[in-house]
Amino acid sequence: MASRLPALLSYIAGRVVDRMAGTRPVRSLARLRGRRAVQQREQVERSVQALLESVWTANALAAAAETTLIEDLGQARPLTLLAARAGLPTPIAEAVLDLLVALGFARRSGDSFEAAPGLRPFANSEGAAALRATLRAGLLQSRDFLDRAKAGDLDLGGWRHADPELIEAQGALSAAIAEAEMEKLALLPGLVPRLESSNAALLDVGAGAAALSVAFCRRFPRLRVVGLEPAPASLAIARQKIAEAGLTARIELRRQRIEDLRDRAAFDLAVVPQMFLSDAVVEPALRRVHGALRPGGWALVATMSGPGADRASALARLQNLLWGGHVRSGAELRALLARVGFAPLIMPRSGPGVRTICARRPPAPR
Ligand SMILES: C[S@@+](CC[C@H](N)C(=O)[O-])C[C@H]1O[C@@H](n2cnc3c(N)ncnc32)[C@H](O)[C@@H]1O
């Protein structure tokens, strides 16, 4: 009897509480759980809605960049003129422009629209082209990701896009980033005088559409480039772009992988987007780059993955995987570069997004 007393007391206490609450505990708990489940489900639905709004907004921005809307916002213009020039029905042009206003990208005064200060650099033909490339590259890749997921065709095989529009957009994006960052090369000891010298040489690993090679040749008129690109679709576009730029004599394209490179002490600078290289090849590839640089030469090694649990970090890891590069963090890459023999290493800020580690092949001892 003594051993059953606590259970009995607990039963009596439970009944008293039930009476006071006018309900049975099991049922009220179930109701509570049910309410919580509904709230959690509504939270997911709200998040999905917000994500779709972002997708639609990105597409509307892309539509504005694909037509003349963005570049025409360089000065205040009436809606009817903007719509006519863009070839859009006026109500659709108005809705897109209102969205730009809501984003803080444009201003509206009566029936007239113009770029807000932050959008002004893009509100001309060159700036709009850069914005168009950014949006095209991102949206076309995300569409391809969905198509491949639906077809059960996702793997770790890496970047193998053959869509010329996507390859060119990614190239334009690379070139825009390279041009924006070019001035920072002056911070790397000895590099700019070498790139300006008569035997200056650049190794462009994963040349893609050769946009980066072309951008470097324009900035450094005596520079010669070797671009490595294993993908035939990209190579064909690169050849055409190099010819159009009149740079056939200065840019040599090779259908070759970096891990197969045999050149020794031949380059002053190597651009290495290592997020396209699998775990299996990254170390041999970096050893080839190290050997291919002249002593004192520099490698610009791009990295994008990190260990964070936040959305941007998780997304960067997903994109990195789709590009074939697995998910090496900046810290792991730094250790690898040091092991291969690069010193010093100049690390970028931490955090998500593409960052560049500047790694030097030490100069020869005097
Ligand atoms: C997206 S592109 C970079 C864009 C390029 N910088 C431009 O200006 O167009 C990266 C390229 O790396 C190439 N790639 C992948 N693995 C490679 C490897 N092991 N060696 C050399 N290139 C590789 C891919 O084919 C892809 O074209």
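Select A210 first: at a relative accessible area of 0%, A210 is buried (under 20% relative accessible area is buried, over 50% exposed, in between partly exposed; 1.4 Å probe, protein chains only). This is a predicted model, in which local features need pLDDT of at least 70 and side-chain atom pairs count only at pLDDT 80 or more, while totals for chains, interfaces and linings use all residues. Residues are numbered from 1 along each chain as its sequence is written, and side-chain values use heavy atoms, with hydrogens and water left out.

**Stop 1: backbone at A210**

Stay on A210. Its phi is positive, about 65°, although A210 is not a glycine. Most residues other than glycine have a negative phi, and most peptide bonds are trans. A210 sits in the loop between β4 (201-205) and α9 (211-219). Helices (H or I, at least four residues) and strands (E, at least two) are DSSP runs, numbered from the N terminus.

**Stop 2: the loop between α12 and α13**

Go to H326, in the loop between α12 and α13. H326 is not a glycine, yet has a positive phi of about 50°. Now pick S329. This residue also lies in the loop between α12 (311-322) and α13 (330-340). S329 is buried, at 13% relative accessibility. What is S329 in contact with, leaving aside its neighbours within four places in sequence? Show T303, S305 and G306. Contact means heavy atoms within 4.5 Å.

**Stop 3: a cis peptide bond**

Select A343 and P344. A cis peptide bond joins A343 and P344, with omega about 0°. P344 is in the loop between α13 and β9 (345-346).

**Stop 4**

Switch to side chains. Side chains of opposite charge can pair when their charged atoms come close. A salt bridge here is a side-chain nitrogen of Lys or Arg within 4 Å of a carboxyl oxygen of Asp or Glu. By this rule there are 21 salt bridges.

Select R254. E252 and R254 form a salt bridge at 2.9 Å, N to O. D263 and R254 form a salt bridge at 3.0 Å, N to O. Colour them by accessibility. R254 is buried at 18%. E252 is partly exposed at 39%. D263 is partly exposed at 21%.

**Stop 5: a pair in helix α11**

Select R287 and E283. Their closest N and O atoms are 2.7 Å apart, in a salt bridge. Why are R287 and E283 separated by about one helical turn? Because they are 4 residues apart in helix α11 (residues 279-292). R287 is partly exposed, with a relative accessible area of 39%. E283 is partly exposed too, with 23%.

**Stop 6: a charged network**

Select D144, R148, D153, D155 and R160 together. Salt bridges link them in a network.

**Stop 7: the whole chain**

Zoom out. The chain has 13 helices and 10 strands. Its C-alpha trace spans about 100 × 65 × 40 Å along the principal axes. The radius of gyration is 28 Å, whereas a compact globule of 366 residues would have one near 21 Å. That radius is taken over C-alpha atoms; the globule rule is 2.2 Å times the number of residues to the power 0.38.

Colour by burial next. Of the 366 residues, 39% count as buried. Then draw the contacts with a separation of 6 or more: residues 24 or more positions apart account for 68% of them.
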